[in-house]
Amino acid sequence: MGEPTPPVIDSDSVAAVDLGSNSFHMVVGRVVDDTHFHIVDRLRERVALAAGLDEHHELTDKVQERALACLERFGQRLREFPEGRVRAVGTSAMRQAGNARAFLAGAQAALGHPIEIIAGSEEARLIYLGVSHTLADDRGRRLVIDIGGGSTELIVGERFEPIRMDSLGMGCVGYSLRFFVDGKIRAEDFRRAEIAARLKLEPIERHYLEANWANCVGSSGTITAVDAILRANGWSDRGITAAGLRQLKKALIAAGSTNKAAGLSGVQADRVPVLPGGVAILLALFEALQIEHMAISTGSMREGLLYDLLGRIRHEDVRDQTIRQLCQRYNVDMAQAGRVERLALHCFDQVRDAWGLDPALGQQLVGWAARLHEIGLSVAFSGYHKHSAYLVANSDMPGFSRADQELLAAMLLGQRKRLAREVFAGLPNSEAELAKSLTICLRVALRLARSRSPTPLPPFTATARRGSLELGFLPDWIEAHPLTFADLVEEAEKLREIGFELRVR
């Protein structure tokens, strides 16, 4: 028999993959009317990634094998999806894993698409985006809570805009392993788990108590599982209530173990091992934030990923909004940033083919770096490239993955002074080469725009070969701008230190 016929992929199909700390999820949607989608497929597998972190916070071989096998199955479904139609992200367990970068190489090969590790704040933003699209588009603030395997996200927002977001390092997997050892469930275990959760909440609970939210909405596996149990046992008929939670806690303690708790009505077999930890966190949230009732949303981070992907496809990328907000916050001279951006993109457009650079990705990164290159001036002129890099690496940047921020930070660190190889040492090899090439375009643009003059430069040529770049100017222009020529000669000397040849004619 021949190879099976691959599935036909609708040009309007999009997909999201969530490498969660407890389960991996995949959703496939078909875009309708350019703004919404219909879910046409879902896959979920319990991988227990967080439970596979060893004492050194590294993913064990066993859990990696389990995860890769799952991603290969997901990858078969996504094999025919074109680039840019799939967004895959890793969350809390991937953030914690010391060997996450090494694991990612195999994971991306198995899935057939790039995988980002996102910060807790980005996870919270995507959760709110997914949940808010399932709710009535009305006025009034809402509190959204998502309990995952390794972290809990809290968001106060209005309509589609988050106002405050927090990601706390407590999840149903971690708390079940830590406080309910060997599946035993005792009153004392619950007491310790709830106190630990309250301690996590203590620094932020006042902000949420004073946030004037009108209703509370929950999402995620833990919360939907608890809702199902409460309804199945008659402890609540409309979402999760404080009284219903107390009934569930009492029933779990009476069962005495996760094995016996599996006999409760509404309990899913694969949810049992992490149920007590999730319930303890929920109890602490209800008490600390004075929640009496939590409605349940069918939306989650997966749907948020799809809506975010739709925005990128429609060129309404939240990352561009993030860049604008950072520029405003740090009082960037946008006229100068624009000059640098135009020159850097002009250089990039001429070298991208010779250096094998992705046109769309390269243009985005060059543009973002050019707009942000002076944000460090808000700290001090001395070493401002270091300040710029630090701010980008350590700020909450909605829409950006950790890898995105690290790459941008490397470009900003390398924008001036000596371009040491160590600038890109923390990046994977493929990203290091990309960052170095784009940084050279940025450095050339900065030299040419140093005068900050509004007078545009005449067109120049940039002829690239591997390891070299030749800039061509009109002879009379070079003669009339000796300082710029001297700047470029100095730049050539600095680039020679990393084995790169820059020539000017």
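Tyr175 and Phe179 are both buried (under 20% relative accessible area, 1.4 Å probe, protein chains only). Both lie in helix H5 (residues 172-179), four residues apart, about one turn of the helix. Helices are DSSP runs of H or I, at least four residues, and strands are runs of E, at least two, numbered from the N terminus. The charged end of Arg178 sits over the ring of Tyr175, 5.8 Å from its centre. That label needs CZ of Arg or NZ of Lys within 6 Å of the ring centre and within 35 degrees of the ring normal.

The model is predicted: local features need pLDDT of at least 70, side-chain atom pairs count only at pLDDT 80 or more, and totals for chains, interfaces and linings use all residues. Residues are numbered from 1 along each chain as its sequence is written, and side-chain values use heavy atoms, without hydrogens and water.

## Other ring contacts

The count comes to eight aromatic pairs. Rings of Phe, Tyr and Trp (its six-membered ring) pair if their centres lie within 6.5 Å; planes under 30 degrees apart are stacked, over 60 edge-to-face, the rest tilted. Phe37 and Tyr307 form a tilted pair, 4.6 Å centre to centre, with 50 degrees between the planes. Phe37 is in strand E3 (residues 36-46) and Tyr307 in helix H11, 270 residues apart.

Ring pairs also link Phe460, Phe473 and Trp477 into a cluster. Arg416 lies over the face of Phe381, at 5.6 Å from the ring centre.

Methods
Buried means under 20% relative accessible area, exposed over 50%, partly exposed in between (1.4 Å probe, protein chains only).
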